[in-house]
Amino acid sequence: MSTPGEALPVSRVKDGFVELSAPGEDLPVSRMNDIYPGIDPAPHFAHQTYAGKSILVTGGSRGIGLEITLFYAKAGANIVLVARDQSGLDSAKATILAASVPNSKVITSIVDVTDTKAVKSLVEFVVSTFGRLDIVVANAGKADPWRKPFTEYDPDNWWRTMEVNIRGVYNIAHFTLPELAKTKGYHVIIGSLAGQMRMPFASSYVTSKHAVNRLNEYIAIENPDVKAFSVNPGAIDTEMAKNNPEAASWLIDTLQLPAATLLRLTSGREDWLNGKFVNSNWNLDEVEVQFKEKIIEQGALVNRLHIPH
């Protein structure tokens, strides 16, 4: 990705990314690309650790959302798949059922997450069907090609990306949090490491992902009975990623990485990360051993303005 770096009032541009001065914005732990022992889902599958729980996943008809849904289903959960087209939902449901998941019930719903009334009706439907809501994964998102300044793109489309990625997450949070509070459940935003980057020509995506990190912090602050995480799923070759084929060489992670990571995050083991940004590429065992005390003490892994000192 090329960029007129000399025109940007920043430290420097390298490989198409704006590099700012210290402190760094990534934990110095091993970078994981696939399932590793610390997030092995096999025990969850074998012991059906999510049996009786109800999981709602937006953008659940393909890619990351579908894989997350499949893992929770294999672990015994009841599933609500949400997307915008019925054919995709039907295909996703068939995939889950074909996996011979014995205890899970799977329902689907066509919802545009930016439609407030539709989201309200969705949550009412879920509660009336399953009687409870335990985990919500706000995965629906939008990304555009990153090839020219935002002044050269359609402003309405730029704002539509912001609406899907921010308002869509907000709508889901607004109506699900009261139900999650009843079960002391989990709200997970599928964010992006891009929210901590400065990628020229990607302003709508990057800004929206940065914003939902702050929204995640508010979810935790204002909802003490709910645990909340903003999770980078990794660099994965999804359908949405095809908008930017020049990034293909970075997309080296598996769909199973974020799915297994979420099973661990919502198991109760990582509640100390409530309100934080979490990267699926981090080895969570190393994070816990090397950084847990510092993260808690310093209130780290949240959006902050870097003040020089």
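Strand β8 (residues 227-232) is joined to β9 by four bridges, the two strands running parallel. Within this pairing, S230 stands opposite F277 in β9, and the bridge partner of N232 in β9 is N279. Two strands are taken to pair if DSSP finds at least two bridges between them, and strands (E, at least two residues) and helices (H or I, at least four) are DSSP runs numbered from the N terminus. The model is a predicted one, in which local features need pLDDT of at least 70 and side-chain atom pairs count only at pLDDT 80 or more, whereas totals for chains, interfaces and linings use all residues. Residues are numbered from 1 along each chain as its sequence is written, and side-chain values use heavy atoms, with hydrogens and water left out.

The β8-β9 pair belongs to an open sheet of seven strands, which is parallel in its pairing and has the order β5-β4-β3-β6-β7-β8-β9. Its edges are formed by β5 (106-110) and β9 (276-279), each of which pairs on one side only. From one strand to the next, the twist averages 20 degrees. Helix α3 (residues 86-98) packs on the sheet, where it touches β4 (78-83) and β5, and its direction makes about 170 degrees with that of β5; contact here means heavy atoms within 4.5 Å, and angles run from 0 to 180 degrees between N-to-C directions, the axes being lines fitted to C-alpha atoms, for helices over the stretch in contact. Within helix α3 lies D90, which is partly exposed, with a relative accessible area of 42%. D90 and S61 are 29 residues apart in sequence, and their C-alpha atoms are 8.1 Å apart in space.

Although β9 is an edge strand, both of its faces are covered, with K276 and V278 buried on one side and F277 and N279 buried on the other. Residues are classed as buried under 20% relative accessible area, as exposed over 50% and as partly exposed in between, with a 1.4 Å probe and protein chains only. Helix α7 (residues 256-265) is likewise mostly covered, nine of its 10 residues being buried; among them are L257, P258, L262 and R264. In the loop between β6 (135-138) and α5 is K142, which counts as buried because its relative accessibility is 17%. The side chain of K142 makes a polar contact with the side chain of D144 at 2.7 Å, a polar contact being a pair of N or O atoms within 3.5 Å of which, within protein, one must be able to donate a hydrogen and the other to accept it, with residues adjacent in sequence counting only if both atoms are side-chain atoms.

Helices α4 (residues 116-130) and α5 (residues 155-183) pack at an angle of about 35 degrees, with their axes 10 Å apart. The contact brings T116, V119, K120, L122, V123 and V127 of α4 against R167, N171, I172, F175, T176 and E179 of α5. These residues divide into six nonpolar, three polar and three charged.

Over the whole chain, eight helices and nine strands are present, and 50% of the 309 residues count as buried. Among contacts between residues at least 6 apart in sequence, 75% join residues at least 24 apart.

Conventions: Nonpolar A, V, L, I, M, F, W, Y, C, P; charged D, E, K, R; others polar.
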